[in-house]
Amino acid sequence: MCNLYKLRTTRGEVAALFAATDHWQAEPARDYVAPGKEGPVVVARDGVRTLGLMTWGIPHAGKAVTNVRNLQSPFWRPLLDRPTHRCLVPVTEFEEWSATPDPATGRKRAHWFAIPSRPIFAFAGVWRKIEGAPHFAILTTEPNSLVGAVHPKAMPVLLDEADYTRWLEAPWAAAQGLVSAYPSQLMIMD
C-alpha cells in the first residue's frame, strides 16, 4: 500500500495548479510525506479551495489509518458522503514496495511511480479533525497493470485535473465513479 510519496515543487506552484488559497502555516520538513507526517492538502467549502497542511493518517482503534480500502465501512462513509470532508493530496510521485523479495538480494525493492505529462497530480483523499488537528487518508483501488506488477494488492486513486471539482464538490453518488485505477499507459515507473 502506498505509504510514501513525494511533492517536489513550491507551495506557490501547488496553490496555482489547484486554484487554491495558500493557508500553510509552515513548510513541511522534507520533500516527501510519510505516515504521521504533515503533507499539503486541498479542501473546498462553498466552491472555494484552500491549501493547508494535515497529518497523514486518521487515528482509529489505536492506530493511524493512511489508506481507505473499504468504501462501505461505517468509519469512512460519513467522510465520503460529505464533499467538505473529501480532499486532494498533491503528489509528484509515489512509492510501492515489491510484493516479493528480489531473488538476487533477498530484499524487497522500492519502486517510484509518476505521470510524465503531469509533474504534479493528486490522490483522492478524505480528512477529519481529531482533537482539533486535521488528518487525512488516501483512497486506494485495484491496481493497474504497471503498479500491479509490483504491488498486486492496491494503488492510490489518482485523479485527472478535470475531476478535481467533482471529487471536492459532487454528491457521493457522482464522485464514487472516480475511484478507479489510473491508466497504466500514462504512467512511468523507475
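## Salt bridges

In this predicted model, the structure holds 5 salt bridges. One of them joins the side chains of Asp22 and Arg11, with a distance of 2.8 Å from N to O. Asp22 belongs to strand E2 (residues 21–22), while Arg11 belongs to helix H1 (residues 11–17), so this pair ties together parts that lie 11 residues apart in sequence.

Another salt bridge brings together the side chains of Arg118 and Asp160, at 3.7 Å from N to O. Arg118 sits in the loop between strand E11 (110–114) and strand E12 (121–130), and Asp160 sits in the loop between strand E15 (158–159) and helix H4 (164–169), so the parts tied together by this pair are 42 residues apart in sequence. Arg118 counts as buried, because its relative accessibility is 8% and buried means under 20%, whereas Asp160 is partly exposed, with a relative accessible area of 35%.

Arg118 also forms a salt bridge with Glu161, where the closest N and O atoms are 4.0 Å apart. Glu161 lies in the loop between E15 and H4, and Arg118 in the loop between E11 and E12, so here the pair ties together parts that are 43 residues apart in sequence. Glu161 is partly exposed, with a relative accessible area of 41%. Through salt bridges that share partners, Arg118, Asp160 and Glu161 are joined into one network.

## An open sheet of five strands

An open sheet is formed by 5 strands in the order E3-E1-E10-E11-E16, and the pairing is antiparallel. At the edges stand strand E3 (32–33) and strand E16 (188–189), each of which has a single partner strand, so one side of each is left without a neighbour in the sheet. As a general point, strands of a sheet pair through backbone hydrogen bonds, either parallel or antiparallel.

The pairings can be followed from strand to strand. Strand E1 (residues 5–6) pairs with strand E10 (residues 93–97) in the antiparallel sense over 2 bridges, and Phe94 in E10 is the bridge partner of Tyr5. E10 is in turn joined to E11 by 4 bridges, with the two strands running antiparallel, and in E11 the bridge partner of Phe94 is Phe113. E11 then pairs with E16 over 2 bridges, again in the antiparallel sense, and there Phe113 has Met189 in E16 as its bridge partner. Of the 5 residues of E11, 4 are buried, so this strand is largely enclosed by the rest of the structure.

## Nonpolar cores

The largest nonpolar core has 34 residues, and the members that touch the most other members are Phe18, Trp76, Leu88, Val126, Leu139 and Trp167. At least two residues of this core are supplied by each of H1, strand E4 (38–45), strand E5 (48–56), H2, E12, E13, H4 and helix H5 (172–175). When residues up to four places away in sequence are not counted, Phe18 touches Val42, Arg49, Leu88, Pro90, Ile120, Phe121, Ala122 and Tyr164.

There is also a second, separate core of 24 residues, which includes Val41, Phe94, Phe113 and Met155. In soluble globular proteins, nonpolar side chains tend to be buried together.

A polar atom of the His135 side chain lies 3.0 Å from the backbone oxygen of Gly57. Leaving aside neighbours within four places in sequence, the residues in contact with His135 are Met54, Thr55, Gly57, Ile58, Pro59, Val126, Trp127, Arg128 and Ile130.

Arg69 lies in the loop between strand E8 (67–68) and helix H2 (77–81). Arg69 and Ala15 are 54 residues apart in sequence, and their C-alpha atoms are 28 Å apart in space.

Note on methods
Residues numbered from 1 in each chain as written. Predicted model: local features only at pLDDT ≥ 70, side-chain atom pairs only at ≥ 80, totals over all residues. Heavy atoms only, no water. Buried < 20%, exposed > 50% of the residue type's maximum accessible area, 1.4 Å probe, protein only. Pairing = 2+ DSSP bridges. Polar contact = N/O pair within 3.5 Å; in protein donor to acceptor, adjacent residues only side chain to side chain. Contact = heavy atoms within 4.5 Å. Core = buried A, V, L, I, M, F, W, Y, C linked by side-chain atoms within 4.5 Å.
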